Amino acid sequence: MTSRPVRTAQLSADQQAAVLELVAAAESADGVPPLSEQSRLAVRGRSGHAVEHLLAYADDALAGYLQADQESAELVVAPAHRRSGVGSQLLGQVPAGTRVWAHGDVAAAKRFAAVRGLEVVRELFVLGRRFDEAGALDDPVLPDSLVARPFRPGQDEEEWLRVNAAAFAHHTEQGRMTRADLDARMDEPWFDPAGLVLVVPESDPDTVAAFHWTKKHSETTGEVYVVGVDPAYQGTGLGRPVTVLGLEYLRDQGVDDVILYVDGDNPAALKVYRGLGFTTRSVDRMFAEPTPHVDGNSPVGGTMRS
């Protein structure tokens, strides 16, 4: 039997350790991390945005954890406590209509959503590309007057944030990144300024036209972390060469396998990535309660947060 969940805006050191241990246990059981990178940073108190933490205990042991912000929630239940009401108890503590992420094709998450009648409202594709299988890369030919250079810590932060916000104005998770969010990632051991490739006008190298931020997960695995193009330069054919610039960097660092995350409703990006040899590895899904209908066919708008 679990006690009433503990609700807090900031986790103590002991709570952080317990949550991260729970996350590791779930990942070991399911083969996929149950929390996004942003949520894991928030567990450690490194998020630039306010979040709420809910912890469910069974006999003094952490049985479940939910993290929610103004956009959505992520939920993880200890493998030993699944199908015992822990997930329902935690979800019942957040406002009705809160959207919940499920990472990977995990049976427990699918069962949880099905029992509650939740429906998929968003899909995030995890694509992958192996250099030894996908063929040679294009030459990254940039439009005239644009050149590539590495990110300069202490100089490029504000300009990068400007372009990121503009490029992802429609994408709440990425577009709302703050200086605190950027600093938190730059403090991570995987951050490499050379792996954040900036494309700039040759005549104005302090202005960013596009960027490709790469990430190394291990010696042989990397990620197309973020690719962004300033709206002023969109439609100029920058997307593909900027992507290739980052892939070349990862290849030169000894990476064999590259992954990336892309929204299912972004056909332009999907076309670029699939054209470069990326294939689907898995799909993260966001679930929500079904949208109410009037007279069986007229949706009531504005009730769900995206």
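Let's start with helix α7, residues 179-186. Its buried residues are Asp181, Leu182, Ala184, Arg185 and Met186. Buried here means under 20% relative accessible area, exposed means over 50%, and partly exposed is in between, with a 1.4 Å probe and protein chains only. Helices are DSSP runs of H or I with at least four residues, strands are E runs of at least two, and both are numbered from the N terminus.

A word on the source. This is a predicted model, where local features need pLDDT of at least 70, side-chain atom pairs count only at pLDDT 80 or more, and totals for chains, interfaces and linings use all residues. Residues are numbered from 1 along each chain as its sequence is written, and side-chain values use heavy atoms, with hydrogens and water left out.

Back to α7. What covers its buried residues? The cover includes α2 (37-43), α5, β9 (210-216) and β10 (221-229). Contact means heavy atoms within 4.5 Å.

Now take α5, residues 157-167. Glu157 lies in this helix. Glu157 touches Phe151, Arg152, Arg179, Leu182 and Met186, leaving aside residues up to four places away in sequence. Two of these names, Leu182 and Met186, are buried residues of α7.

Glu157 is buried, yet has no salt bridge. A salt bridge needs a side-chain nitrogen of Lys or Arg within 4 Å of a carboxyl oxygen of Asp or Glu. Which side chain of opposite charge is nearest to Glu157? Arg179, 4.0 Å away. For charge, Lys and Arg count as positive, Asp and Glu as negative, and His and the chain ends are not counted. The Glu157 side chain also reaches the backbone nitrogen of Gly154, at 2.7 Å.

Which element gives the largest share? That is α4, with six residues.

Last stop: the loop between β2 (52-58) and β3 (61-68), where Asp59 is found. Asp59 is not a glycine, yet its phi is positive, about 55°. Asp59 counts as exposed because its relative accessibility is 73%. Asp60 sits in the loop between β2 and β3 too. Phi of Asp60 is positive as well, near 70°. At 77% relative accessibility, Asp60 counts as exposed.

How values were computed
A polar contact is a pair of N or O atoms within 3.5 Å; within protein, one must be able to donate a hydrogen and the other to accept it, and residues adjacent in sequence count only if both atoms are side-chain atoms.
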